[in-house]
Amino acid sequence: MQIQLETLSTLERRLTISLPTEAIDNKVKQRLQRVARNAKIQGFRPGKAPLKIVEQNYGLQVREEVLGEEIQNSF
């Protein structure tokens, strides 16, 4: 993880945070597995949907949550 702080003017700052994609992908995968245990998807019993289907339905939301948490932690 790399964090860079730039001074743009006396009041403005730019914060650049670089996170490793492997770590983010692993956390997203773990979170999707937890979501899959309770996910209610039409055509599947609760918790029995394949991970690929869960990822299609919840993948973007889970990725945003993980990225938000990682940015908060690094900030």
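The legends below describe close-up views of a predicted model.

Residue numbers start from 1 along each chain as its sequence is written, and side-chain values rest on heavy atoms, with hydrogens and water left out. Local features need pLDDT of at least 70 and side-chain atom pairs count only at pLDDT 80 or more, while totals for chains, interfaces and linings use all residues.

**View 1. The largest nonpolar core.**
The largest nonpolar core has 10 residues: Ile24, Val28, Leu32, Ala36, Ala39, Ile41, Ala49, Val54, Val62 and Val66. Helix H1 (21-38) and helix H2 each supply at least two residues of this core, and H1 gives the most, with 4 residues. Helices (H or I, at least four residues) and strands (E, at least two) are DSSP runs, numbered from the N terminus. A nonpolar core is a set of buried Ala, Val, Leu, Ile, Met, Phe, Trp, Tyr and Cys residues joined through side-chain atoms within 4.5 Å. Buried stands for under 20% relative accessible area, exposed for over 50%, and partly exposed for values in between (1.4 Å probe, protein chains only). In soluble globular proteins, nonpolar side chains tend to be buried together. One member of the core, Val28, is in contact with Val62, Arg63 and Val66 when its neighbours within four places in sequence are left aside. Contact here means heavy atoms within 4.5 Å.

Arg31 is a residue of helix H1. The residue counts as buried because its relative accessible area is 15%, against a limit of under 20% for this class. Arg31, Glu65 and Glu69 are linked in a network of salt bridges. A salt bridge is defined as a side-chain nitrogen of Lys or Arg within 4 Å of a carboxyl oxygen of Asp or Glu, and the structure holds 5 of them. A polar contact of 2.8 Å also joins the side chains of Arg31 and Glu69. Polar contacts are pairs of N or O atoms within 3.5 Å; within protein, one atom must be able to donate a hydrogen and the other to accept it, and residues adjacent in sequence count only if both atoms are side-chain atoms. Apart from neighbours within four places in sequence, Arg31 is in contact with Val62, Glu65, Val66 and Glu69.

**View 2. The pair Arg63 and Asp25.**
The side chains of Arg63 and Asp25 meet in a salt bridge, at 3.1 Å from N to O. Arg63 lies in helix H2 and Asp25 in helix H1, so the pair ties together parts that are 38 residues apart in sequence. Both ends are partly exposed: Arg63 has a relative accessible area of 33%, and Asp25 has one of 36%. With neighbours within four places in sequence left aside, Arg63 is in contact with Ile24, Asp25 and Val28. The C-alpha atoms of Arg63 and Arg31 are separated by 8.9 Å, and these residues are 32 apart along the chain.

**View 3. The pair Glu70 and Lys27.**
Glu70 forms a salt bridge with Lys27, in which the closest N and O atoms are 2.7 Å apart. The pair links distant parts of the chain, with Glu70 in helix H2 and Lys27 in helix H1, 43 residues apart. Helix H2 covers residues 51-74. Glu70 counts as buried because its relative accessibility is 17%, whereas Lys27 is partly exposed at 36%. The two side chains also make a polar contact (2.7 Å). Beyond its neighbours within four places in sequence, Glu70 is in contact with Leu19, Ile24 and Lys27.

**View 4. The pair Arg14 and Glu6.**
Arg14 forms a salt bridge with Glu6, and the closest N and O atoms are 3.8 Å apart. Arg14 is partly exposed, with a relative accessible area of 44%. Glu6 is likewise partly exposed, at 28% relative accessibility.

**View 5. A nonpolar surface patch.**
Met1, Ile3, Leu5, Leu15 and Phe75 make a nonpolar surface patch of about 600 Å². Patches are made of residues with over 30% relative accessible area and no salt bridge; like charges are joined within 9 Å and nonpolar side chains (Val, Leu, Ile, Met, Phe, Trp, Tyr) within 5 Å. Accessible areas come from the Shrake-Rupley method with a 1.4 Å probe, and for residues only the protein chains shown count as cover. Leu5, one of the patch residues, is placed in strand S1 (residues 2-7). Leu5 counts as exposed because its relative accessibility is 58%.
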